[in-house]
Amino acid sequence: MADLVLDCRDLVRRFDSLVAVDGVSFGIGPGETYGLLGPNGAGKTTTISMVAGLLEPSGGTVTVLGQEITPRSTTAKGAIGLVPQDIALYPDLSARENLTFFAKLQGLRGSELATRIDEVLDIVGLADRAGDKIDTYSGGMKRRANIAVGMVHQPTLLILDEPTVGVDPQSRNAILESVDALSTTGMAVLYTTHYMEEAERLCDRIGIIDSGKLIAEGTREELVARLGDSTAVTFRADGPVEAVRGWRDDLSQLRTVSTVQPQEYGATVTCGHASEVVAGAFSAAEKRGVTIGGVDVTAPDLEAVFLSLTGKALRDGS
Amino acid sequence: MTGSAPPKLHPAAGGATHSPPMLSQALLIARLDLHRRLRDRSILLQVFLAPILLAVIVGGAFSGGGGNLDATIVIADADRTAVSGAVGAALTQTNTTDGESGGVTFETVPVANPDEASALVDSGAADAVIYIPAGYTAAVSEGEPAALTVVGKATSPIVTGVARSVADGINTRLRAQYIGTETAVRVSEQTGIPLDSAQLTEALNAEDVVVVADSRLTNTFNIMSFFAPGMAMIFLFFVMGTTARSVLTEQRDGTLGRVLAGPTPATAVVLGKAVAVYVLGLASMLTVYLVTTFAFGVDWGDPLGVVLVILAVVAAITGLSLIVTGLARNEEQAQSMTIIGTLLLAVLGGTFVYSASGPLSQARAFTPNGQALMAFIDLSAGQANWQDILPRVGIILAIGVVSGAIGLISIRRGLQP
Amino acid sequence: MSNVLTIGWFETKRYLGDKVALFTTVVMPVLLVVLIGLSFGSTPDRLSIGVLTEDPGPAASEFTQQLESANLDVIDYTSQDDLARDIRLGFITAGLTVPAGFSAAADSPDGQATVTMSIDQTSANGGAIASAIQSAAAQFAEQRNAVRVATNALGTSDPAVADAANTSAQQVIASTGETTVDETTLGALNESDRNGFASAVPTQLTLFVFLNGLLAGMTLVESRRLGVSKRMLATPTGIGPHILGIGLGRWWLGGIQAALLLAIGALLFGVDFGNWGAVAVLAVVWTALAAAVGMLIGSLARTADQVVAISVPLGIGMGMLGGSMWPLSVVPPFMRAIAHATPHAWANDAWIAIIDGGAGVGGIATELLVLSAVTVAMASLAVFFLRRTLSK
């Protein structure tokens, strides 16, 4: 695929004996927003560091616009904009000063520089505080300034590494809106997150990564379709431990049920026919002496996809 | 820099079409670094104010022409002859007219016995006494053994030594008169050539075979021109140690990673930091030079030579600071290495103690600031010109280049993942 | 009080774990004392003269040997530039150039050998050193002068007469009685004149104990930053003991440092410090003062970097001003007056009084009083400012 903006092939990264990224391949086309979804420690940041040319891959290649990216390929890096997970800004300088410095490093000069800085300040909504030191910003404002610096030189590929971690809901919304606006500019975006809703809302295509491996990839619809026409049904159930265990076994025997995920008080089931399964579950419960306190039927989503692929929840408890 | 072909850009992407050359990136990084450092007022204190203030203290301390003796030597005359009177008169004539500049002042006091002479020293009226005993001139003019006595204080051995030299001189001179006369008489007797007494007196008063001519060195040297650059270099090294800390801080804060994620090679980052430190150092040294020159009238010597030494030594100190940056693994280590390095350089380089001899005078040849101090002294006290100090400049630069190269390599290695 | 001791001991343990601190407290001052003591040794008892001999002849070397025995410290030079430089620096009192042709002129019947004495234009020592050189020159040329006098007095340049004069002069010199100088000195040599370490030890002690005390401010800043100070404020301990505790930690570290320097001076380099009671009291008061000033800086500074940035110039500057880098006896009176604005000058005065003047505690009472007053004032200010900073 010659017109891919980013093309990762068989990326591998080892840290001593630990394999953090294990044969990841994906591509992003022009103007596409690609989400890398996975729990903490799945290998998202390591993958991104290789894509941004900060880390030497142990194996595989990264090409951006046909040029290979390594820590030494300085020219090609001009096409990339990185928004690191940390607030990588000079706290003793203002947002404008930070933007000017990083933009100049990218080769922006003169009126183009000034225009571009004003543009990105507008996009992230910091125009009125641009002259203040980063030190004086709230957490959300710092995040937005962080993003502004990453996109000031109009990169062909913008990489955002968990830009909403630890941000209050209001700022988070502002950030998501900024990123959403980018898709209209034709920028290709690589977005990592462990928030399923963000990936669903922003991304054209999503790659699911777990334990260093890319285990599924596609549009949201494609991924959900992998589950078939299944629905997730969550039962809250109570009763003797043995009884509940037996009841869960019963559930897996029901028609159209594909997975049964035990929960602390009950179980989550993916199935084809929800109504039939719910009825079967109730009658099984009655036989076992298990009380069903509630039923929750949800349309299939990425959470369910992740669950069905890895057998574990995307967010452990958080 | 890999890839000579320009990157194919997606049509939608405008903005930067090419990355700037490495040098201009390095300068950008240098400018930002300087900008941020100069906002920190403690840097201004250490780099600009402290060396000048300390130099002023030193200038004040040594403004009174330090090192001059300030002593009174009394000629205690118990002989009381025409000759002994003439000896005293001749010495008091050498007294400097203005009493303020110190030096040795001679006085004549008639005494009766050695105890009276000692009493002059005891009472503080004299720092040393040259006692001419009764019968001294009579004995000397007959070629008999004769002795002068010098009485001095144990606490001022130099003054006692000077008095002794003066007494030696009196002895030698009077003895020479006798020997000259006696020789002339004997030769006259042997050869039968008549001896004319007027001619003899003239011969005795003629100049000696060995004449001591007196020459005064013009001296524009001011001790400030030694201490000011010495202190400036030490504070410079101290401040440059903060480079190490700033790189480590940027690494921790992620700004360094951000810069490296752009089209900026690691070399440009290191070079930029080095340039910033170099400019800061240069500004510091030049400020100290100009302020001491114009505000305090200190003469550092050949300006071209001074500038050459400054350019070289700032490069050397920059190089050393890069080694610290390359070796330090955390901010605490950086701080430690800087403090220890600063103190060692100060002591070994002769900033605090600059002696003509002893182990310290050997050690300083191996430090860049010591070499620079020697060059500054050659220029100011030695009135050398810029060509004369080129060998020293070469040594200093060599230290800078070697340490800088070691530093750059180790920093680059540290920046690579 | 036991709280103070607890904090003090805790701070000491933290400090001893810091290798850099150990280096600056122990290794540096000892190194400096040794180097300074070795470089300067005892006070010189002779004027020094640099001699540059441009004449390889025998008469020239005979002349320079004569200089050595003329109460002068002779240092050989090979370059006029070096000679001039060291005269200006004051390393040597004067320079003497023995020009090419010296030997030939001295040995010719009517030649005149001129040596040039160079001296700094600001020097007032010219007369003293000139008389020493002239005396040496006259002794060197004693026989030649006598021959010259005889031939001139007889108005002849006949070589036969000159030969006769030479023989006669030799005989006359042999038969002439020696003229000598007897020397007696009154009083005893000062300890600091006798032994270079007697001044190197107390001056470096003053300098480094103070500098380390100032840097102790870093501990306070650090503990403020970590919130330890606020926590202390919340305990029944309170802020006074907190500062006292940190200060105490530094106080006895300063004491260890002082004891080490004094021990090295006394045991290794044979310095006679005189009254050890006075030495101990002065050392204790000085270390307390240094710790108190450190606490004051620590209560005012915002960051550890600031403490370093302030302390190093302050420590060195006050040391210079107060006579820790050179004795106050060599500076002009107005600088001596200014110097007494620093505690260093008082401390150095007290050290000189003890070591050279044989003073006891009573003899340095004024100095002790001044230093104690400064200590109390600094410590009070430190508590005041720290309380103000913490309550913000």
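Reply: Domain bounds, as used here, come from an automatic or database domain assignment. For chain B that assignment gives domain 1 (25-61 + 220-415) and domain 2 (71-190), and the C-alpha centres of the two lie 56 Å apart.

Some ground rules come next. The model is predicted, so local features need pLDDT of at least 70 and side-chain atom pairs count only at pLDDT 80 or more, while totals for chains, interfaces and linings use all residues. Residues are numbered from 1 along each chain as its sequence is written, chains are lettered from A and ligands numbered from 1 in the order in which they are written, and side-chain values use heavy atoms, with hydrogens and water left out.

Now the part in question. Contact means heavy atoms within 4.5 Å. Two pairs of chains touch, and the most contacts are between chains B and C. Chain C gives 107 residues to this contact, and chain B also gives 107 residues. Together they bury about 9,600 Å², with 66% of it on carbon and sulfur atoms; buried area is the accessible area (1.4 Å probe) that two parts lose on being put together, summed over both. On the side of chain C, the residues that lose the most area to chain B are Arg88(C), Val181(C) and Leu186(C), together 8% of what that side buries.

Charged side chains also meet here. A salt bridge is a side-chain nitrogen of Lys or Arg within 4 Å of a carboxyl oxygen of Asp or Glu. By that rule there are three salt bridges between chain C and chain B. One salt bridge links the side chains of Glu142(C) and Arg175(B), at 2.6 Å from N to O.

Which helix supplies the largest share of the side of chain C that touches chain B? Helix H6 (residues 126-140) of chain C does, with 11 residues. By class, that side of chain C has 61 nonpolar, 33 polar and 13 charged residues. Here Ala, Val, Leu, Ile, Met, Phe, Trp, Tyr, Cys and Pro count as nonpolar, Asp, Glu, Lys and Arg as charged, and the others, Gly among them, as polar.

The two chains also pair strands. Helices (H or I, at least four residues) and strands (E, at least two) are DSSP runs, numbered from the N terminus, and two strands pair if DSSP finds at least two bridges between them. Strand E5 (residues 210-217) of chain B runs parallel to strand E4 (residues 113-120) of chain C over eight bridges. Within this pairing, Ala213(B) has Thr116(C) as its bridge partner.

Chain A is the remaining piece of the picture. No contact joins chain A and chain C, and their closest C-alpha atoms lie 15 Å apart. The assignment for chain A gives domain 1 (6-224) and domain 2 (229-299), with 41 Å between their C-alpha centres.

Four strands of chain A form an open sheet in the order E2-E1-E4-E5, with antiparallel pairing. E2 and strand E5 (67-68) of chain A stand at the edges with a single partner strand each, so one side of each is left without a neighbour in the sheet. Strand E1 (residues 6-15) of chain A joins strand E4 (residues 59-64) of chain A through five bridges; Asp7(A) stands opposite Thr63(A) there, and Cys8(A) has Val62(A) as its bridge partner. E1(A) also pairs with strand E2 (residues 18-28) of chain A, over eight bridges. Two residues lie between E1(A) and E2(A) in their hairpin, where Asp16(A) takes a positive phi near 55°.

Over all chains the count of salt bridges is 31. Among them is the pair of Asp118(A) and Arg96(A), whose closest N and O atoms are 3.3 Å apart. Asp118(A) lies in helix H4 (residues 110-124) of chain A and Arg96(A) in helix H3 (residues 95-105) of chain A, so the pair ties together parts that are 22 residues apart in sequence.
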